[in-house]
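Subject: Handover of a structure and its findings

Dear colleague,

Please find below the structure that I am passing on to you.

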Amino acid sequence: DDDRTIKIPVIFHIISSGDQQVNDKVTYELILKEIEDLNKNYSASNDMSKLHEDNKVPIGNPNIQFYLADVIDNNKEKGVIRSIGSKKHRNHHAINSMETLNICVGNFGSVTQMSSPNNHKVHINYNNIGKGGNTVTHELGHYFGLWHVWGKSNCKKIKLFSDKDDNISDTPMQKNCTDLSRKKACPKELNKKNINCNNFMDYSSCRVMFSKEQAKKIRNSIRRDRPKMYDNSIN
(Lines give C-alpha, C1' and ligand atoms only; values in the text may rest on other atoms or scores of the structure.)
Protein backbone atom coordinates (compact mmCIF):
# COMPACT_ATOMS: atom_id res chain seq x y z
CA ASP A 1 0.00 0.00 0.00
CA ASP A 2 1.59 3.27 -1.11
CA ASP A 3 -1.01 5.30 0.85
CA ARG A 4 -2.56 6.71 -2.31
CA THR A 5 -5.94 8.38 -1.95
CA ILE A 6 -8.42 5.64 -2.84
CA LYS A 7 -11.05 7.22 -5.08
CA ILE A 8 -14.36 5.38 -5.08
CA PRO A 9 -17.30 6.13 -7.41
CA VAL A 10 -20.70 5.90 -5.72
CA ILE A 11 -24.18 5.17 -7.06
CA PHE A 12 -27.18 5.93 -4.85
CA HIS A 13 -30.19 3.74 -5.65
CA ILE A 14 -33.24 5.55 -4.26
CA ILE A 15 -36.02 2.96 -3.97
CA SER A 16 -39.52 4.28 -3.35
CA SER A 17 -42.77 2.53 -2.71
CA GLY A 18 -45.87 3.66 -4.60
CA ASP A 19 -46.39 6.69 -2.35
CA GLN A 20 -43.08 8.27 -3.42
CA GLN A 21 -42.24 9.19 0.19
CA VAL A 22 -38.62 8.09 -0.07
CA ASN A 23 -38.08 9.73 -3.44
CA ASP A 24 -39.46 13.05 -2.22
CA LYS A 25 -37.48 13.15 1.02
CA VAL A 26 -34.08 12.04 -0.30
CA THR A 27 -33.21 15.16 -2.27
CA TYR A 28 -30.12 15.57 -4.40
CA GLU A 29 -28.90 18.19 -1.92
CA LEU A 30 -28.98 15.60 0.89
CA ILE A 31 -27.06 13.14 -1.26
CA LEU A 32 -24.38 15.74 -1.95
CA LYS A 33 -24.23 16.52 1.78
CA GLU A 34 -23.73 12.81 2.54
CA ILE A 35 -20.85 12.60 0.07
CA GLU A 36 -19.30 15.66 1.73
CA ASP A 37 -19.63 14.09 5.19
CA LEU A 38 -18.16 10.78 4.01
CA ASN A 39 -15.16 12.51 2.49
CA LYS A 40 -14.45 14.36 5.73
CA ASN A 41 -14.90 11.27 7.90
CA TYR A 42 -12.76 9.04 5.68
CA SER A 43 -9.93 11.57 5.52
CA ALA A 44 -9.89 12.49 9.24
CA SER A 45 -10.74 16.09 8.32
CA ASN A 46 -14.14 16.12 10.04
CA ASP A 47 -15.13 18.13 13.09
CA MET A 48 -13.57 16.38 16.11
CA SER A 49 -14.71 18.82 18.77
CA LYS A 50 -16.59 15.95 20.50
CA LEU A 51 -13.39 13.93 20.92
CA HIS A 52 -13.13 13.16 24.64
CA GLU A 53 -10.20 14.79 26.38
CA ASP A 54 -9.18 11.42 27.85
CA ASN A 55 -9.24 9.59 24.53
CA LYS A 56 -5.97 7.69 24.10
CA VAL A 57 -6.79 5.86 20.86
CA PRO A 58 -4.66 7.07 17.91
CA ILE A 59 -6.71 8.66 15.14
CA GLY A 60 -6.47 6.93 11.78
CA ASN A 61 -6.94 8.25 8.26
CA PRO A 62 -8.33 5.76 5.71
CA ASN A 63 -7.53 8.35 3.01
CA ILE A 64 -10.59 7.63 0.85
CA GLN A 65 -12.36 10.04 -1.49
CA PHE A 66 -15.92 9.30 -2.61
CA TYR A 67 -17.50 10.85 -5.69
CA LEU A 68 -20.73 10.37 -7.61
CA ALA A 69 -20.30 7.95 -10.49
CA ASP A 70 -20.80 8.99 -14.11
CA VAL A 71 -24.28 7.49 -14.25
CA ILE A 72 -27.13 9.67 -15.51
CA ASP A 73 -30.65 8.27 -15.13
CA ASN A 74 -33.93 9.80 -16.31
CA ASN A 75 -33.88 12.17 -13.33
CA LYS A 76 -30.69 13.81 -14.73
CA GLU A 77 -28.92 13.53 -11.36
CA LYS A 78 -25.34 12.33 -11.60
CA GLY A 79 -24.71 9.15 -9.63
CA VAL A 80 -28.36 8.67 -8.61
CA ILE A 81 -30.87 6.10 -9.88
CA ARG A 82 -34.45 6.52 -8.68
CA SER A 83 -36.91 3.64 -8.99
CA ILE A 84 -40.14 2.26 -7.54
CA GLY A 85 -40.10 -1.09 -5.79
CA SER A 86 -40.53 -3.01 -2.54
CA LYS A 87 -38.04 -3.94 0.19
CA LYS A 88 -37.15 -7.06 -1.79
CA HIS A 89 -36.45 -4.85 -4.81
CA ARG A 90 -33.28 -3.55 -3.13
CA ASN A 91 -31.59 -6.92 -3.62
CA HIS A 92 -31.51 -6.48 -7.39
CA HIS A 93 -29.44 -3.29 -7.41
CA ALA A 94 -25.70 -3.52 -7.99
CA ILE A 95 -23.80 -1.94 -10.86
CA ASN A 96 -20.11 -2.66 -11.39
CA SER A 97 -19.85 -3.68 -7.74
CA MET A 98 -16.14 -4.54 -7.87
CA GLU A 99 -15.31 -0.99 -8.93
CA THR A 100 -18.29 1.03 -7.67
CA LEU A 101 -19.91 1.49 -4.27
CA ASN A 102 -23.67 0.88 -4.53
CA ILE A 103 -25.79 2.42 -1.75
CA CYS A 104 -29.46 1.37 -1.68
CA VAL A 105 -31.67 3.89 0.11
CA GLY A 106 -35.26 3.16 1.06
CA ASN A 107 -37.79 2.46 3.77
CA PHE A 108 -35.76 -0.36 5.31
CA GLY A 109 -33.12 -0.77 7.98
CA SER A 110 -29.57 0.49 7.73
CA VAL A 111 -27.55 -2.72 7.67
CA THR A 112 -24.43 -4.02 5.95
CA GLN A 113 -22.64 -7.36 5.99
CA MET A 114 -18.91 -7.63 6.50
CA SER A 115 -16.55 -6.99 3.63
CA SER A 116 -16.40 -9.71 0.99
CA PRO A 117 -16.48 -9.91 -2.80
CA ASN A 118 -20.09 -11.14 -2.50
CA ASN A 119 -21.26 -8.13 -0.51
CA HIS A 120 -22.33 -5.92 -3.38
CA LYS A 121 -24.09 -3.04 -1.67
CA VAL A 122 -24.91 -1.05 1.44
CA HIS A 123 -28.49 -0.64 2.69
CA ILE A 124 -29.43 2.68 4.33
CA ASN A 125 -32.74 3.93 5.71
CA TYR A 126 -33.79 7.07 3.88
CA ASN A 127 -33.94 9.08 7.13
CA ASN A 128 -30.17 8.66 7.57
CA ILE A 129 -29.00 10.32 4.35
CA GLY A 130 -27.34 13.72 4.65
CA LYS A 131 -28.41 14.27 8.26
CA GLY A 132 -24.96 14.24 9.89
CA GLY A 133 -25.61 11.21 12.10
CA ASN A 134 -22.70 9.21 10.63
CA THR A 135 -24.89 6.17 9.95
CA VAL A 136 -23.56 5.80 6.41
CA THR A 137 -19.98 6.17 7.66
CA HIS A 138 -20.67 3.40 10.21
CA GLU A 139 -22.27 1.05 7.66
CA LEU A 140 -19.42 1.60 5.22
CA GLY A 141 -17.08 0.59 8.03
CA HIS A 142 -18.77 -2.83 7.93
CA TYR A 143 -18.60 -2.84 4.12
CA PHE A 144 -14.85 -2.28 4.44
CA GLY A 145 -14.34 -5.09 6.96
CA LEU A 146 -14.84 -3.65 10.45
CA TRP A 147 -16.86 -5.13 13.30
CA HIS A 148 -18.51 -3.05 15.98
CA VAL A 149 -16.03 -2.00 18.68
CA TRP A 150 -17.57 -4.58 21.02
CA GLY A 151 -17.48 -7.44 18.49
CA LYS A 152 -19.66 -9.18 15.93
CA SER A 153 -23.08 -8.73 17.50
CA ASN A 154 -25.60 -5.95 17.57
CA CYS A 155 -26.31 -4.36 20.97
CA LYS A 156 -29.45 -6.35 21.63
CA LYS A 157 -27.96 -9.71 20.65
CA ILE A 158 -24.57 -9.49 22.33
CA LYS A 159 -25.31 -12.37 24.74
CA LEU A 160 -25.52 -14.75 21.78
CA PHE A 161 -21.83 -14.23 20.90
CA SER A 162 -18.87 -15.51 22.91
CA ASP A 163 -16.34 -13.42 20.96
CA LYS A 164 -16.81 -9.83 22.13
CA ASP A 165 -13.67 -8.42 20.49
CA ASP A 166 -13.43 -6.46 17.24
CA ASN A 167 -9.94 -7.93 16.58
CA ILE A 168 -8.46 -4.45 16.19
CA SER A 169 -5.35 -4.05 18.34
CA ASP A 170 -5.63 -0.34 19.16
CA THR A 171 -9.33 -0.19 20.12
CA PRO A 172 -9.77 -0.97 23.83
CA MET A 173 -12.14 -3.76 24.89
CA GLN A 174 -15.70 -2.54 25.36
CA LYS A 175 -18.56 -4.69 26.71
CA ASN A 176 -21.39 -3.31 24.58
CA CYS A 177 -22.48 -0.24 22.62
CA THR A 178 -22.36 3.13 24.36
CA ASP A 179 -25.82 4.31 23.35
CA LEU A 180 -28.12 2.35 21.07
CA SER A 181 -30.39 5.38 20.58
CA ARG A 182 -27.43 7.60 19.58
CA LYS A 183 -29.24 10.52 21.23
CA LYS A 184 -27.72 10.78 24.70
CA ALA A 185 -25.06 13.34 25.53
CA CYS A 186 -21.45 12.24 25.26
CA PRO A 187 -20.22 10.60 28.48
CA LYS A 188 -18.34 12.82 30.91
CA GLU A 189 -15.98 10.03 31.93
CA LEU A 190 -14.58 7.11 29.93
CA ASN A 191 -14.78 3.57 31.32
CA LYS A 192 -15.07 -0.03 30.07
CA LYS A 193 -18.67 0.60 29.02
CA ASN A 194 -17.99 3.60 26.77
CA ILE A 195 -14.25 3.85 26.15
CA ASN A 196 -14.78 3.78 22.35
CA CYS A 197 -17.66 6.27 22.35
CA ASN A 198 -15.82 8.47 19.83
CA ASN A 199 -15.29 5.62 17.39
CA PHE A 200 -17.42 5.47 14.23
CA MET A 201 -17.98 1.74 14.89
CA ASP A 202 -19.70 2.36 18.22
CA TYR A 203 -23.29 3.52 18.68
CA SER A 204 -23.17 6.99 20.23
CA SER A 205 -23.91 10.64 19.50
CA CYS A 206 -20.22 11.57 19.56
CA ARG A 207 -18.71 9.32 16.86
CA VAL A 208 -15.87 11.21 15.16
CA MET A 209 -12.97 8.85 14.35
CA PHE A 210 -11.48 5.60 13.14
CA SER A 211 -8.37 4.27 14.87
CA LYS A 212 -5.08 3.79 13.00
CA GLU A 213 -5.50 0.02 12.87
CA GLN A 214 -9.11 0.34 11.69
CA ALA A 215 -7.96 2.65 8.88
CA LYS A 216 -5.30 0.09 7.94
CA LYS A 217 -7.87 -2.71 7.86
CA ILE A 218 -10.24 -0.63 5.71
CA ARG A 219 -7.54 -0.09 3.11
CA ASN A 220 -6.39 -3.71 3.20
CA SER A 221 -9.94 -4.99 2.68
CA ILE A 222 -10.30 -2.80 -0.41
CA ARG A 223 -7.03 -4.09 -1.83
CA ARG A 224 -8.03 -7.69 -1.09
CA ASP A 225 -11.75 -7.74 -1.98
CA ARG A 226 -12.04 -4.94 -4.55
CA PRO A 227 -8.56 -4.37 -5.97
CA LYS A 228 -9.96 -2.43 -8.94
CA MET A 229 -11.04 0.35 -6.55
CA TYR A 230 -7.43 0.62 -5.46
CA ASP A 231 -5.87 0.21 -8.90
CA ASN A 232 -8.22 2.77 -10.47
CA SER A 233 -7.00 5.38 -7.96
CA ILE A 234 -3.48 5.58 -9.31
CA ASN A 235 -4.03 9.06 -10.79
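Where is the place of Pro62? Pro62 sits in the loop between strand E2 (59–60) and E3. Please bear in mind throughout that this is a predicted model. With a relative accessible area of 0%, Pro62 is buried. Setting aside neighbours within four places in sequence, Pro62 is in contact with Tyr42, Phe210, Ala215, Ile218 and Arg219. Pro62 and Lys216 are separated by 154 residues in sequence, yet their C-alpha atoms are 6.8 Å apart in space.

Overall organisation

The protein contains 5 helices and 7 strands, which follow the pattern β-α-α-β-β-β-β-β-α-β-α-α along the sequence. Of the 235 residues in the protein, 49% are buried. Among contacts with a separation of 6 or more, 65% are between residues 24 or more positions apart.

Strands E1, E3 and E4

Strand E1 (residues 6–16) pairs with E3 in the parallel sense, over 5 bridges. Within this pairing, Val10 has Leu68 of E3 as its bridge partner. E1 also pairs with E4 in the parallel sense, again over 5 bridges, and here the bridge partner of Phe12 is Val80 in E4.

In a regular strand, side chains alternate between the two faces of the sheet. Strand E4 (residues 80–84) is mostly covered, with 4 of its 5 residues buried.

How many of the 9 residues of helix H3 are buried? The count is 9 of the 9 residues in helix H3 (residues 135–143), so the helix is largely enclosed by the rest of the structure. The buried residues of H3 include the charged residue Glu139, together with His138 and His142. Around them, the buried residues of H3 pack against helix H2 (28–41), E3, strand E5 (101–106), strand E6 (121–125), strand E7 (210–211) and helix H5 (227–231). Just after H3, Gly145 adopts a positive phi of about 105 degrees.

Two packed helices are described by the angle between their axes and the distance between the axes. For H2 and H3, the angle is about 60 degrees and the axes are 9 Å apart; the two helices are therefore oblique to each other. H2 passes H3 in a right-handed crossing. On the H2 side, Glu34, Leu38 and Asn41 meet Val136, Thr137 and Leu140 of H3. The residues of this contact divide into 3 nonpolar, 2 polar and 1 charged.

Not counting residues up to four places away in sequence, Ile195 touches Pro172, Met173, Gln174 and Leu190. Ile195 and Asp54 are 141 residues apart in sequence, while the distance between their C-alpha atoms is 9.3 Å.

Yours sincerely

Notes:
Residues are numbered from 1 along each chain as its sequence is written. This is a predicted model: local features need pLDDT of at least 70, side-chain atom pairs count only at pLDDT 80 or more; totals for chains, interfaces and linings use all residues. Side-chain values use heavy atoms; hydrogens and water are left out. Two strands pair if DSSP finds at least two bridges between them. Buried means under 20% relative accessible area, exposed over 50%, partly exposed in between (1.4 Å probe, protein chains only). Contact means heavy atoms within 4.5 Å. Axes are lines fitted to C-alpha atoms, for helices over the stretch in contact, and angles run from 0 to 180 degrees between N-to-C directions. Angles under 35 degrees count as roughly parallel, over 145 as roughly antiparallel, 65 to 115 as roughly perpendicular and the rest as oblique. A crossing is left-handed if the near helix is turned anticlockwise from the far one by less than a right angle, and right-handed if clockwise.
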